[in-house]
Amino acid sequence: MTETTPHPSKPLPKALRPLPMLIFSSRWLQLPLYVGLIVAQGVYVVLFLKELWHLVTHSFDFSELQIMLVVLGLIDVVMISNLLIMVIVGGYETFVSRLGLEGHPDQPEWLSHVNASVLKIKLAMAIIGISSIHLLRTFIEAGALDSGRGTLTATGVMWQTIIHCVFILSAIGIAWVDRLSQLPNGVHH
């Protein structure tokens, strides 16, 4: 009869006092928020399919400009959906609990090195991408400004451009502050 020795494993987690346990457990209050974003993701899938169906059924009726605007709308929906995934997966992993995806073949590449700082920069870049699509659609539709057929105004186009530039400056600022907060070897303070 051989006696088995217990395998060395991770030490058991230290028991927390009641107040720190309450504070630490409060992170689970974010779970309904992430589930709500998953529902919003489902709504975007329905919107995408609706717009895609609209494009397919009117492909012979639409002008090239109309097709381009619908396709830009589809790209916009996809980019917003990507933003939702980054917030849902990255936010949950960063602020609530580990997903345990290590070694999973579908684990997103960016998730292995996600933290609050990386997530902020990725979100800022996604917002700039979404804003760029909106601005491109605005510039395409701006051709109708003089004809009075469009819903845009010159002031609206100007403000949309200014807001887009502010998004870009904000992303640069976030990246710069992140770079300042890193030690020479790339580790955050």
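Is Leu-33 buried or exposed? Leu-33 is exposed, because its relative accessible area is 56% and the cut-offs run like this: buried means under 20% relative accessible area, exposed means over 50%, and partly exposed is in between (1.4 Å probe, protein chains only).

Before going on, a word on what you're looking at. This is a predicted model, where local features need pLDDT of at least 70 and side-chain atom pairs count only at pLDDT 80 or more, while totals for chains, interfaces and linings use all residues. Residues are numbered from 1 along each chain as its sequence is written, and side-chain values use heavy atoms, with hydrogens and water left out.

Back to Leu-33, which lies in helix 2. Helices here are DSSP runs (H or I, at least four residues), numbered from the N terminus. Leu-33 and Ile-88 are 55 residues apart along the chain, and their C-alpha atoms are separated by 8.8 Å.

Now for the rings. Rings of Phe, Tyr and Trp (its six-membered ring) pair if their centres lie within 6.5 Å; planes under 30 degrees apart are stacked, over 60 edge-to-face, and the rest tilted. By this rule there are two aromatic pairs. One joins Trp-28 and Tyr-92, edge-to-face, with 6.2 Å centre to centre and 75° between the planes. This pair links distant parts of the chain: Trp-28 sits in the loop between helix 1 (18–25) and helix 2 (31–57), and Tyr-92 in helix 3 (residues 64–96), 64 residues apart. Trp-28 counts as partly exposed because its relative accessibility is 34%, whereas Tyr-92, at 16%, counts as buried.

Tyr-92 also pairs with Tyr-34, again edge-to-face, at 6.2 Å centre to centre and 80° between the planes. That pair too links distant parts of the chain, with Tyr-34 in helix 2 and Tyr-92 in helix 3, 58 residues apart. Tyr-34 is buried, as its relative accessible area is 9%. Put together, Trp-28, Tyr-34 and Tyr-92 form one aromatic cluster.

Ile-127, Met-158, Trp-159, Ile-162, Ile-163, Val-166 and Phe-167 make a nonpolar patch of about 610 Å². Patches use residues with over 30% relative accessible area and no salt bridge, joining nonpolar side chains (Val, Leu, Ile, Met, Phe, Trp, Tyr) within 5 Å and like charges within 9 Å; a salt bridge is a side-chain nitrogen of Lys or Arg within 4 Å of a carboxyl oxygen of Asp or Glu. Helix 5 (residues 154–180) gives the largest share of the patch, six residues. Trp-159, found in helix 5, is partly exposed because its relative accessible area is 48%.

How values were computed. Helices (H or I, at least four residues) and strands (E, at least two) are DSSP runs, numbered from the N terminus. Accessible areas come from the Shrake-Rupley method with a 1.4 Å probe; for residues, only the protein chains shown count as cover.
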